[in-house]
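This report goes through the ligand site first and then a few individual residues. The sequence and the structure come next.

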Amino acid sequence: MSVLVAPSILAADFSRLAQEVHAIEKAGADWIHCDVMDGHFVDNISFGPMIVDLVRKQTKLPLDVHLMIQHADHYLPRFVKAGADSINVHVEPEAKHDVAKTLGAIRDAGCRAGLAFNPATPFEKVEPFLDKIDILLVMTVHPGFGGQPFRPEMMAKVKRAREWQKSHDAPLDITVDGGINPETARLSVQNGANVLVAGTSVFHAKDYAEAIRQLRGSSDSQ
Ligand code: DX5
Ligand code: ZN
């Protein structure tokens, strides 16, 4: 199984965001992950469609937008217009939207639909939507901040997702997001993840290409 690396620009140097995007593309990133936070669904505020649009203008790489916001349905068209390729929304009731409806709207807009769930949210909550999505995003930290430690107990969810994907032969990407480094990447891939979101371990590295190679390399040993 080929593993995709999606660096999260949340950990980039925003004073030179365009150069950071160029550098990460040159270093071999597969997707660019954009963490959008509204200060309501999570206890932090990051950026909105304006920055996604800026990133879009700097790269041809797929933009994987992770909406940690309330009322994603309302803001959706702005992220589509900004150039998102995939849009991940949250399943928790605190995200305050009709999940099935939003997922449908994402696909209708021509984007890939992703569903994200928090560490405290059981797998059963995403299960009813698995045949309506292209990406399942398993949070391996509580969302809101980069640089938190990975929660290995989330691997049970990754495993169940991969079992579901295999038994249905579904074209489902399984993403892990939070605390991903070469060691936790390897564990995640062993359990069935094929997309690795990594902020700190890529953007805080001296050599981005080496950091990405190490994340990917950890899958080569499988
Ligand atoms: C957490 C975000 C993650 C996070 C990843 O709220 O969804 O994408 O920024 O950052 P690291 O790799 O630093 O945990
Ligand atoms: Zn994210």
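Ligand 1 sits in the largest pocket. The model is a predicted one, and every value below is computed from it.

**Ligand site**

The elements that give two or more residues to the shell around ligand 1 are the strands β2 (32-37), β3 (63-68) and β8 (195-198). Of these, β2 supplies the largest share, with three residues. In total, 20 residues surround ligand 1. The closest are Asp-35, Gly-144, Asp-177, Gly-199 and Thr-200. Sorted by class, the shell around ligand 1 consists of eight nonpolar, ten polar and two charged residues.

| Residue | Protein atom | Ligand 1 atom | Distance |
|---|---|---|---|
| Thr-200 | polar side-chain atom | oxygen | 2.4 Å |
| Gly-144 | polar backbone atom | oxygen | 2.8 Å |
| Gly-179 | polar backbone atom | oxygen | 2.8 Å |

On its own, ligand 1 has 380 Å² of accessible area, and the protein covers 98% of that area.

**Backbone angles**

Most residues other than glycine have a negative phi. Which value does phi take at His-71? Phi of His-71 is near 55°, which is positive, in a residue other than glycine. His-71 is placed in the loop between β3 and α3 (72-82).

Lys-96 is not a glycine either, yet has a positive phi of about 50°. The loop that holds Lys-96 runs between β4 (86-90) and α4 (99-108). Is Lys-96 buried, partly exposed or exposed? Lys-96 counts as partly exposed because its relative accessible area is 47%, where exposed would require over 50%.

**His-22**

His-22 is part of helix α1, which spans residues 17-26. Its relative accessibility is 37%, so His-22 is classed as partly exposed. What does the side chain of His-22 contact? A polar contact of 2.7 Å joins the side chain of His-22 to the side chain of Gln-58. His-22 and Pro-93 are 71 residues apart along the chain, and 37 Å separates their C-alpha atoms.

Note on methods: Residues are numbered from 1 along each chain as its sequence is written. Chains are lettered from A and ligands numbered from 1 in the order in which they are written. This is a predicted model: local features need pLDDT of at least 70, side-chain atom pairs count only at pLDDT 80 or more; totals for chains, interfaces and linings use all residues. Side-chain values use heavy atoms; hydrogens and water are left out. A residue is near a molecule or strand if one of its heavy atoms lies within 4 Å of it. A polar contact is a pair of N or O atoms within 3.5 Å; within protein, one must be able to donate a hydrogen and the other to accept it, and residues adjacent in sequence count only if both atoms are side-chain atoms. Accessible areas come from the Shrake-Rupley method with a 1.4 Å probe; for residues, only the protein chains shown count as cover. On a 1 Å grid over the protein atoms alone, a cavity is a set of points where a 1.4 Å probe fits but cannot get out, and a pocket is an open set with protein on both sides within 12 Å along at least five of seven lines; lining residues have an atom within 4 Å of a point. A molecule sits in a cavity or pocket if more than half of its atoms lie within 2 Å of its grid points. Helices (H or I, at least four residues) and strands (E, at least two) are DSSP runs, numbered from the N terminus. Ala, Val, Leu, Ile, Met, Phe, Trp, Tyr, Cys and Pro count as nonpolar, Asp, Glu, Lys and Arg as charged, and the others, Gly among them, as polar. Buried means under 20% relative accessible area, exposed over 50%, partly exposed in between (1.4 Å probe, protein chains only).
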